[in-house]
Structures are given as C-alpha cells and as structure tokens.
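Have the viewer open while you read.

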Amino acid sequence: MIWDETTLDERPREVGPDAPRAYAALVQGSGPALTDLPRGQVVSIGRSRTSGIPVHDDAVSRLHATLRWDGGSTVLLVDRASRNGTTVNGQRIDGRLELTSGTEVGVGGVRLVVVVLVDASDTGSERVPGLPGHGSIVVHDEAMLRVLALADRVARSAATVLLVGETGVGKEVVARRIHDSSARRDRPFVAVNCGALVEGLAGSDFFGHEPGAFTGATDPRPGCFEMADGGTLLLDEVSELGPAMQVRLLRVLQEREVTRLGSTRAVKIDVRIIAATNSRLEVLVRAGRFREDLLFRLDVVRIDVPPLRERPADIVPLARRFLREMVPDAAVHLSDAAAEALRAYSWPGNIRELRNVIERSAVERRTDVLDLRDIVGLEAPRATSCGTLRDSVDTTELAAISAALDACSGNQTRAARRLGISRRALIYKMERLGLKPPPPSRRG
C-alpha cells in the first residue's frame, strides 16, 4: 500500500516502459524481495500490515520510515520518529536524508538497498553505462534488477568480484556499474580480454616492460595493472589464462604489487579487481585447468548475470532502445507481432545477438513500423502462415523448460522458480509440450 502524505506537492504520473525507475531491494530479513517506488508517491516502511514495505519485527514501529522518489537520481528517506531509529550504511540518521543508488537502509533486523535506474536524457544526471558505446543501461526484469542491487551494494566495498554468465549477457555492463557506483569512479576503468592476449606477450600486457626486456621492446610501457592504479581492472574471460599467467596473477593479488618485465623494482598498486567468465571455474579446477587458490582469490563476491532468455521483460525495452540508436532521426516502432517474436526467441547470443538483429532489421525495414516480416537474423522460424509463430513459441518454451528441469535435477518447484512462473503453470506447459513424466509404476 502507498501511504499518501497530505503535504505531497506532486501527484503520481504515468511513466512509459523506458522511463527511469526506482526500487527498494530486500537483502536481509523477511518480506517482499523487491518493492517499486512509484514516482512522486511515498512508500511507508513499518510493522503495519498496510505498509508499502511491511516489516515483521518487534523493534520496528508501525510507521517507521518512508521513501519517496521524485524521478531523479536520489530517493528521500524520512525516519518518522521511530522508536529504535533508522540506519543508513550502518549509521543512524536524524530525520531525513537523500539516498543515492546502492545505499543500504536498516530498520530493525531488516536491510534493504535503494536502487535507482535513470537515463541522463531524462534527469540530467550522470549517464549510467550500458553496452559499451551504446547508451545507458536498460533493465526491467526482476532477475537483472536483483543483480544491479547487489552490484550497487558491492560497489561500496573494495572486495574482489567474480561475474559469471554466458557470452553477451552484459558482464562488462555490470562491472562498469560497480566502478561508476564506487569511490573509484573518477579513476581509470581498464578492461582486458584475457582470451585475446597473444602468447608470449601476455606478461607485458599485464605487468608492463622496460626497454630491452625482449626483442622489440624499445620504450618503457606500463601494464594494465599500472594503468588501472586507483581504479578498477576488469579481467574478462579470466578462465582463458594459461598456467604460468595464473601463477603470476595470483602473486599480484596476494602482494598487490607488480614488477615490469626487464625490471627488478616492484611497484605497489591499488586496484579493484573484477573478473568475468562464461565458464564455471569450479569445473575447470576439477579438470586441472584452473588453480583452486586463484579461484579463492577471485571468488570473494560472486554475481551471476542471467542470460537474456531468463530476463524476458528486458527483451523488448532493449530492442526499442537499440532501434532508437540505429535510427535516431526517425520514429521507428516495433509492431506487436515483432515484439512477440523477439520475446519468443531463445537468444543464444544474448544481448549482443539482439543488438545485431535489430541493427540488420532497422537497415532492411520497409516502413517506420518494424513488423514481423522485417525481423532478420533469427534462427527460429518466423511466421509465414497461421500457426508458425505458435510453433516458434512452443519450441522456445520446450528448450527453456528442459534446460530448467535439467539444471534443477527434475525438481519442478525449483524449475518453476527459475523460469519465473508458478509450479501449476509449469506442469500445464509440460503436459501441453509432452514433457510431463509418466506416473511412477506400482510394484506388487
């Protein structure tokens, strides 16, 4: 429930699907996991069952505190003369305070994080990076909102972060979010693709070199650790590092210093490390391809970035954003049929594939309405006659449900939770798609 203050100077306004949004994400305690903060309205926090964020804790007052977001980059927190007070990042506040995204609020035994997703074009605030070079971040699905809530919380620390997710899901987006939300935001953000390092030169790329260190080394050159000093270093696809480089990286993480090739002088560094991988490093450790002690150093805080197929609410908003970027001078829109086809596709290449499809489709479109016939590049069949789109949707659902059941060892409750649907809906879909397992045989 929204608690309506009589002093409100602005009534709620309708906002579109790509408008700025704000949330309170629960990170500790019982209650709703994610609460929307509608623009211009006051959301109450308290023990009352009618509170917007009900807290079942005797240490919390019936009306303990309120949150209000007016569409900008901050949220106003007001302690309503509560019995035991309200804390912000562990410190008790007096009255009211403006909160930035990632701030932790404590009421009783409950902790929640304020998440603000804004676009600079709407608010004039600093742009939040999205895909590199492609505008600000677009997030509407609860699965990704949880990721950003954790990223904003982690940003306040210096902890090493391990980002795990398929290729193209936006791991670098999350890494940049952590950097831009941290105290290091004014220092360098350096990204290194470990899979693209040339054999024999990786040591120079990482640690730098002095003149004469090897053939062709005529000038001194800092490595990526020195270039990122004071800031953040993203080690993308860290699983691709060879054994020798893993040993050297482990030493840098332990000692926090680097020695350039051809030098004996160690240079102290102050770098926040974020590693990213599309592989499960535990599997590589068991296979002898990745050092277990290096995994322990990197896996301090793990953030799993879900694939696009598990973030269905993000697909169409992302497509619309890409479409506006491709044709900024024209009002090009997605038809309902095109939007449905995009939602139905499984997106094995994730956000990167979605962007490529929209770019090709925008170039080849016939009108200013991007229709189903204009969508090019999907591997799934597109509708050419009545019923084909339904077949495409069934194929996509079959693959997604099968994958979820496999990941959950056949547990339907966990698989339904993973898919974001109810168990009853999952069973219905399994029966319709022929996935319903036969009843167990009776033994006489």
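Buried here means under 20% relative accessible area, exposed means over 50%, and partly exposed is in between (1.4 Å probe, protein chains only). This is a predicted model, where local features need pLDDT of at least 70, side-chain atom pairs count only at pLDDT 80 or more, and totals for chains, interfaces and linings use all residues. Residues are numbered from 1 along each chain as its sequence is written, and side-chain values use heavy atoms, with hydrogens and water left out.

Let's take the charged pairs. A salt bridge is a side-chain nitrogen of Lys or Arg within 4 Å of a carboxyl oxygen of Asp or Glu, and that rule gives 16 of them. Among them are these:

| Pair | N to O distance |
|---|---|
| Arg68 and Asp70 | 2.7 Å |
| Arg311 and Asp314 | 3.3 Å |
| Glu325 and Arg355 | 3.0 Å |

Glu325 sits in helix α9 (residues 312-326) and Arg355 in helix α11 (residues 350-364), so this pair links distant parts of the chain, 30 residues apart. Helices are DSSP runs of H or I with at least four residues, strands are runs of E with at least two, and both are numbered from the N terminus.

How exposed are the partners? Arg68 is buried at 12% relative accessibility, while Asp70 is partly exposed at 40%. Arg355 is buried at 13%, and Glu325 is partly exposed at 27%. Arg311 and Asp314 are both buried.

Now the strand. In β12 (residues 161-164), Val161 and Leu163 on one side and Leu162 and Val164 on the other are all buried.
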